[in-house]
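Subject: Structure for you, with notes

Hi,

Here is the structure I promised to pass on. Please open it alongside this note. My findings follow below.

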Amino acid sequence: MDEMDAMSRVWAATPEGSAQDLAGSRALMERAYAEDRHARGPRRILGRAVRRPGPMFKGVAVVAAAAAMVVAVQLVPGAAPPASAQELLSRAAGAAADQDELQLKPGQYLHVRSMATRHMAIGRKDGTADHVTVKTAEDRWEPAEPGKPWLVREERKGATPNPGSGPAPFVPGGSGVDESVYESSCDKTPGDELSYLRLGDWPTDVAALRARIEKVAAQQAGPRRLRLWLTISDLIQKSAARPSLASPLFEVAAGLEGISLIPDVTDAAGRPGMAVGMAEDETMRSELVFDKQTYHYLGTRYVTTKDKTQSPGGHTYVVPKGTVTGSALLGVEAADAMPEPSSDASRLKIPC
């Protein structure tokens, strides 16, 4: 069944109505389109799995009309929002499948821009602590081929007191730029299953991808559903340049137990969105954030759902309920070279 058949079924089953009825009709059409995309599955061309397009239409006008109908469904104001986490992930899979793949040439770098928020507790002399959220802009350059260095540049943008805390205290290292260079002499990609350089090895067929995720997740500790969720979340964060992998990842995530829809959230860059979340334990929920209109992936959030006691370095403090940290994806592009690191950049060796 192609997109036109799916839309025909919806219109045949939906009586004409007033403007007030349109939101429901749009939602039905979106669901039919998503189901059709899921049923078609991927096919492989020249070794790369891509989404299977619908049949070729002989009339250009028909193609234009079909495209206009799909765009109208997804972008017309007032369209019904996703009713469940599964539906949001299905729409995100469709949105990713329609994105172009970023192709890197030998010698180029993947430049990823993001904004991160982190929680920090600043101890007082009386034994209490002030809680602040530190915002950091991050630029990452990862090589398109093994054996070349990586560069991570972090610029701190200040600190904001958490609700219930006083004015933001002095934050050690609260301003300035830090750089880290990761070097490797490996002939092949380092053995991190979830590194960007390994993403091309991951299958984009949903069944094969699910089996590979199961294998990697089995090496971790914790409940099975959480191991799968964390593995998928890590892959999604690294697959922004490869929507052909992100799309089936969202489809696999939609089949997990324990996911929930969070209708209104704000990402680390301050952008409004909606999220799919899973409780990691009784004190923490991790979330995948999506744009409310395009369903494109925006980033991740970590929400403290209950006061949480931590004791890093022997200093005990409580992370208050409602603390939100995370990372927002701002841009992905190809770069011809990595910037020259500063003289005081930290340098680390990546083992082969």
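At roughly what angle do the axes of helix 5 and helix 7 cross? They cross at roughly 75° and come within 10 Å. Axes here are lines fitted to C-alpha atoms, for helices over the stretch in contact, and angles run from 0 to 180 degrees between N-to-C directions. Helix 5 and helix 7 are therefore roughly perpendicular to each other. The cut-offs: under 35 degrees is roughly parallel, over 145 roughly antiparallel, 65 to 115 roughly perpendicular, and the rest oblique. Helix 5 makes this contact through V206, L209, R210 and I213, and helix 7 through L245, P248, L249, E251 and V252. Contact means heavy atoms within 4.5 Å.

Some ground rules. This is a predicted model, where local features need pLDDT of at least 70, side-chain atom pairs count only at pLDDT 80 or more, and totals for chains, interfaces and linings use all residues. Residues are numbered from 1 along each chain as its sequence is written, and side-chain values use heavy atoms, with hydrogens and water left out.

The overall picture

The protein chain has 7 helices and 14 strands. These are DSSP runs numbered from the N terminus (helices H or I, at least four residues; strands E, at least two). Of its 352 residues, 43% are buried. Buried means under 20% relative accessible area, exposed over 50%, and partly exposed in between (1.4 Å probe, protein chains only). Take the contacts between residues at least 6 apart in sequence: 60% of them join residues at least 24 apart.

Helix 6

I232, L235 and I236 of helix 6 meet L249, F250, V252 and A253 of helix 7.

E287 sits in strand 9 (residues 284-290). E287 is buried, at 1% relative accessible area. Its side chain joins that of R285 in a polar contact of 2.8 Å. A polar contact is a pair of N or O atoms within 3.5 Å; within protein, one must be able to donate a hydrogen and the other to accept it, and residues adjacent in sequence count only if both atoms are side-chain atoms. Beyond four places in sequence, the contacts of E287 include W229, I262, G299 and R301. E287 and I262 are 25 residues apart in sequence, and their C-alpha atoms are 8.6 Å apart.

D267 is in the loop between strand 7 (260-266) and strand 8 (272-279). D267 counts as buried, at 5% relative accessibility. Its side chain makes a polar contact with the side chain of R271 (2.7 Å). Leaving out residues up to four places away, D267 touches V289, L298, R301 and A328.

Y295 is not a glycine, yet has a positive phi of about 65°. Most residues other than glycine have a negative phi. Y295 is buried, with a relative accessible area of 5%.

Best wishes
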